Amino acid sequence: MSVTVRVPAKVNVQLAVGAARPDGFHDLANVFLAVGLYDEVTVTEADELRVTCAGPDAGQVPLDRTNLAARAALALAGRRGIDPCVHIHIAKDIPVAGGMAGGSADGAAALLACNELWQAGASRAELLAICAELGSDVPFSLVGGAALGTGRGEVLTALDIGGTFHWVFAMAHHGLSTPAVFREFDRLAEGRDIPAPVASQDLLTALAKGDPDALAATLTNDLQPAALSLFPELADTLAAGRAAGALATLVSGSGPTTAFLVRDAEAAALVADALSACGTCRDVRTAAGPVPGATVIEG
Ligand code: C5P
């Protein structure tokens, strides 16, 4: 018996970051958009818990119990008193340590797949609670579409989206650690008053209208200066995308993947070609969103 779940990457169209909290996390106003770059996670009954991974970044994926997919299986098995004897295979297309929630996506997908495989009967609410325990971005990977995340990003409000937005994503030559980027944010913020994060009304209106020009004018990422400080070459990639006609450019989440909003699929192909030629990217992909969250496709 096996179950396969397909799960999308995300881009943050707004990432407003507050001051560090006593627990070390930061309050966020985090507007997530799920985009059509996918991992597929297959869980199969086995003698013991095992993780394997295939794909261009597979060598960078931990295969032990620190992998969010393994942690998801352990969390559900622990709640149900089940032996977590399952082989989790990740067919990975989402960049690793890229700021596109690839690890979180695998956690949400493994949870949904194990719930199905074990007929564990967890409700949507219980699955979301387990996701929130696993990480701040994991609940969004389960629900997909578009949502505003508050708290540390795990408290979700679904958003209405009036159309499809087209993107180009440029993968960098190495990853960035999310905690390191938040630490750099804190260092750059030292001595400044950090306002409480709030979602931009103009941005929410642009999303609701499906208007790429209005969205381009309102994209923001408070982590971008920190990501650029740790990875200055990203500025060259952003400039290359801008020069090639992207409506707007930004670092995706904590980076280092860079995101380029474009008007349509044709513009996406032009910007992708220019970025591929510019020499600062390991890979360039086009994708559109919103798309649904983690979905069982087999089993
Ligand atoms: O929740 P998650 O495990 O994905 O977070 C990874 C790290 O990112 C945290 O340990 C913390 O350093 C940082 N983080 C944060 N504030 C958030 C989300 C993440 O400081 N809202």
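Predicted model: local features only at pLDDT ≥ 70, side-chain atom pairs only at ≥ 80, totals over all residues.
How many nonpolar, polar and charged residues does the lining of the second largest pocket have?

Sorted by class, the lining comes out as 12 nonpolar, 2 polar and 2 charged residues. The pocket itself has a volume of about 250 Å³. If you want to find it in the structure, look for Val17, Phe185, Arg192, Ile194 and Asp222, which lie nearest its centre among the 16 residues of the lining.

Where do those residues come from?

## The largest pocket

Now for the largest pocket, with a volume of about 960 Å³. It is lined by 40 residues, and the ones closest to its centre are Leu68, Ser104, Asp137, Thr178 and Pro179. Several elements give two or more residues to this lining: strands E1 (2-20) and E2 (26-45), along with helices H1 (68-80), H2 (102-117) and H5 (178-189). The largest share belongs to H2, which puts in 4 residues.

What is the lining of the largest pocket made of, class by class? There are 17 nonpolar, 17 polar and 6 charged residues. Domain 1 (2-159) and domain 2 (165-289) are both involved here, with at least three residues of the lining drawn from each.

## Two packed helices

Next, take a look at H1 together with helix H3, which covers residues 124-134. The two pack with their axes 10 Å apart, at an angle of about 130 degrees. Angles of 65 to 115 degrees count as roughly perpendicular and those over 145 as roughly antiparallel, and H1 and H3 are therefore oblique to each other. As for handedness, H1 and H3 make a right-handed crossing.

Most peptide bonds are trans, and most residues other than glycine have a negative phi. With that in mind, a few spots in the backbone are worth a look.

Going from Gly255 to Pro256, the peptide bond is cis, with omega near 5 degrees. You'll find Pro256 in the loop between strand E9 (248-251) and strand E10 (258-262). Gly289 and Pro290 are also joined by a cis peptide bond, with omega at about 15 degrees. Pro290 sits in the loop that runs between strand E11 (283-289) and strand E12 (295-298).

Then there's Ala97: it is not a glycine, yet it has a positive phi of about 50 degrees. Look for Ala97 in the loop between strand E4 (86-91) and H2.

Key
Residues numbered from 1 in each chain as written. Heavy atoms only, no water. 1 Å grid on protein atoms, 1.4 Å probe; cavity = no way out; pocket = protein on both sides within 12 Å on 5 of 7 lines; lining within 4 Å. Points joined across faces, edges and corners; volume = space filled by probe spheres on them. Nonpolar A, V, L, I, M, F, W, Y, C, P; charged D, E, K, R; others polar. Domains from an automatic or database assignment. Axes fitted to C-alpha atoms, helices over the stretch in contact; angles between N-to-C directions. Parallel < 35°, antiparallel > 145°, perpendicular 65-115°, else oblique. Left-handed = near helix turned anticlockwise from the far one by under 90°.
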